[in-house]
Amino acid sequence: MQTHSPKEITRLLVAWGDGDQSALEELAPLVHAELHRLAHHYMGRERPGHTLQTSALVNEAYIRLIDWKDVRWQNRAHFFAVSAQLMRRILVDFARDRQYLKRGGGALQVSLAEAAAFTVERGTDFVALDEALTALAEVDPRKGEVVEMRFFGGLSIEEVAEVLKISKETVMRDWRLAKVWLLRELGREAAQ
Amino acid sequence: VKSERWQQVERLYHSTLEKEVGERPAFLAEACSGDEELRREVESLLDYEDQAEEPLAKLANGVAS
């Protein structure tokens, strides 16, 4: 397997932050591989009451992959943003693989209260959450992105604002409405 | 692309939240001026305000329990 040095990965991250979309295409699979490895390592432990902070996991990937001395906080925000997207897919695939599909199968405990403190416990219905989030993105794509970043990547309000190039106030409003929208959607799904 | 209707819901949701809890129903009813569908839509979102701090899984798993 081809290996990539932190320097090389850092260069891709900075280039993407400067607007080079092809850099993102190169970067994403590398980050995905690392996140996938970390996620499976942690989630495979199968301890009862096992929790996983996705933001901690993304942070670990960041430390391993990126030469932090060479980046600005804006670059870090971008790294977390792409990681959030990848993380969502990893967790949903994981949930499907493990046949956590069945509603209420005691699967994932997810708190929307604070994304930074987002923990994954056995029992969370990631599949339902993923579906609700996809529905939200159809109504309002930006809110879908805000939730993805906050929820799966643990990005702060400020970091989301930087990545999406919108004000912090707008992020806060988006986040607030998106949360209740998702809760309502999940309530409806559950009621079916 | 956001629909005009959704933007309407969004604006009204945030402006209703700025009101005191007790004033919200009257404010909302007046702002909707007879548009019941709009009122119900905003109301149904406001209903979840209290729960936004609760774990999502409670809802997601609520049905099975």
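**Close-up views of chain B**

**View 1. Helices H1 and H3 of chain B pack against each other.** In this predicted model, helix H1 (residues 4-17) of chain B meets helix H3 (residues 36-46) of chain B at an angle of about 55 degrees. Their axes lie 10 Å apart. An angle between 35 and 65 degrees is neither roughly parallel nor roughly perpendicular, so H1(B) is oblique to H3(B). The crossing of H1(B) past H3(B) is right-handed.

**View 2. Side by side: the residues where H1(B) meets H3(B).** H1(B) contributes Arg5(B), Trp6(B), Gln8(B), Val9(B), Leu12(B), Tyr13(B), Thr16(B) and Leu17(B). H3(B) answers with Glu37(B), Leu38(B), Glu41(B), Val42(B), Leu45(B) and Leu46(B). By class, this contact holds nine nonpolar, two polar and three charged residues.

**View 3. The fold of chain B is built from four helices and zero strands.** From the N terminus on, the elements run α-α-α-α. Chain B has 65 residues, and 38% of them count as buried. Take the contacts in chain B with a separation of 6 or more: 49% of them come from residues 24 or more positions apart.

**View 4. Confidence in chain B and in the complex.** The pLDDT of chain B averages 82. At least 70 is the score of 77% of the residues. Over residues 56-65 of chain B, the pLDDT is below 50. This stretch still has 24 contacts in the model beyond near neighbours in sequence. Where pLDDT is low, the predicted coordinates should not be read in detail. For the complex, the predictor gives an ipTM of 0.83 and a pTM of 0.79.

Note on methods. Residues numbered from 1 in each chain as written. Chains lettered and ligands numbered in written order. Predicted model: local features only at pLDDT ≥ 70, side-chain atom pairs only at ≥ 80, totals over all residues. Heavy atoms only, no water. pLDDT = per-residue confidence, 0-100. Contact = heavy atoms within 4.5 Å. Axes fitted to C-alpha atoms, helices over the stretch in contact; angles between N-to-C directions. Helix = DSSP H or I, 4+ residues; strand = E, 2+ residues; numbered from the N terminus. Parallel < 35°, antiparallel > 145°, perpendicular 65-115°, else oblique. Left-handed = near helix turned anticlockwise from the far one by under 90°. Nonpolar A, V, L, I, M, F, W, Y, C, P; charged D, E, K, R; others polar. Buried < 20%, exposed > 50% of the residue type's maximum accessible area, 1.4 Å probe, protein only.
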